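The sequence and structure are shown below.

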Amino acid sequence: MEGDFILTVEVAPLPIKNDAAGISAWPRAGLMIRASSDVSANLASIFRRSGSNETENRKQVRADSRAAGAVKSTTATLATASEWLRLKLVRCGGTVYAYAAPESAPDAWQLVATELVPFGDRVLAGFFVTK
């Protein structure tokens, strides 16, 4: 993708950590912008991750960024627990804004993080899921 853009996605609840069932400690689903496919590339992301309990699983989101090798993480707890969460990443020049909203108030976007991440004109962007 090139230039400024907005990505949005709705993410269903992830399974709660359960070693006996083979569920990883940190399954994640969300949005990511990367400078390239290189493992050390600058990036910005917002995602829902599996919680250690049902409340954590339904209210927490995390935003990560990496610029020049420095990683920054911000965790936010939404005021309202929600089965589905809406996530949004906005790229405006070199600044990335990460937002989340519960399904019960889909237009009540909560700013989770604002980061200055150096990207070139072209970036890789999209939805991701990890186990």
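## A polar contact at Glu115

In this predicted model, the side chains of Glu115 and Lys72 are joined by a polar contact of 3.0 Å. Glu115 lies in strand S8. Its relative accessibility is 16%, so Glu115 counts as buried, the limit being under 20%.

Setting aside residues up to four places away in sequence, Glu115 touches Ser65, Lys72, Gly94, Thr95 and Val96. Lys72 is therefore both a polar partner of Glu115 and one of the residues that Glu115 touches.

## Overall architecture

The chain contains one helix and nine strands.

Of the 131 residues in the chain, 40% are buried. Among contacts between residues at least 6 apart in sequence, 54% join residues at least 24 apart.

## The largest nonpolar core

The largest nonpolar core has 25 residues, and Ile33, Ile46 and Leu87 touch the most other members. At least two residues of this core come from each of strand S1 (5–11), strand S2 (28–34), S3, strand S4 (60–67), strand S6 (85–92), strand S7 (95–102) and strand S8 (110–116). S1 gives the most, with four residues.

Ile46 has contacts in several parts of the sequence. Apart from neighbours within four places, Ile46 is in contact with Gly30, Leu31, Arg62, Ala63, Leu87, Lys88, Leu89, Ala98, Tyr99, Ala100, Val112 and Phe128.

## Ala100 in strand S7

Ala100 is found in strand S7. With a relative accessible area of 0%, Ala100 is buried. Beyond its neighbours within four places in sequence, its contacts are Ile46, Val61, Leu78, Arg86, Leu87, Ala108, Trp109, Gln110 and Val112. Among these contacts are Ile46 and Leu87, two of the residues that touch the most other members of the largest nonpolar core.

Ala100 and Val112 are twelve residues apart along the chain, and 6.9 Å separates their C-alpha atoms.

## Aromatic rings

How many aromatic pairs does a search of the whole structure find? The search finds one. Phe47 and Phe128 form this pair in an edge-to-face arrangement, with 6.1 Å from centre to centre and 70° between the planes. The pair links distant parts of the chain, since Phe47 belongs to strand S3 (residues 43–49) and Phe128 to strand S9 (residues 124–130), 81 residues apart. Both Phe47 and Phe128 are buried.

A further ring is approached by a charge: the charged end of Lys88 sits over the ring of Tyr99, 5.1 Å from its centre. Lys88 and Tyr99 are also both among the contacts of Ile46.

## An exposed alanine with positive phi

Ala68 is located in the loop between S4 and strand S5 (70–77). Although Ala68 is not a glycine, its phi is positive, at about 50°. Is Ala68 buried or exposed? Its relative accessibility is 78%, so Ala68 counts as exposed, whereas Ala100 is buried at 0%.

Definitions and conventions:
Residues are numbered from 1 along each chain as its sequence is written. This is a predicted model: local features need pLDDT of at least 70, side-chain atom pairs count only at pLDDT 80 or more; totals for chains, interfaces and linings use all residues. Side-chain values use heavy atoms; hydrogens and water are left out. Rings of Phe, Tyr and Trp (its six-membered ring) pair if their centres lie within 6.5 Å; planes under 30 degrees apart count as stacked, over 60 as edge-to-face and the rest as tilted. Buried means under 20% relative accessible area, exposed over 50%, partly exposed in between (1.4 Å probe, protein chains only). A charge sits over a ring if NZ of Lys or CZ of Arg is within 6 Å of the ring centre and within 35 degrees of the ring normal. A nonpolar core is a set of buried Ala, Val, Leu, Ile, Met, Phe, Trp, Tyr and Cys residues joined through side-chain atoms within 4.5 Å. Contact means heavy atoms within 4.5 Å. A polar contact is a pair of N or O atoms within 3.5 Å; within protein, one must be able to donate a hydrogen and the other to accept it, and residues adjacent in sequence count only if both atoms are side-chain atoms.
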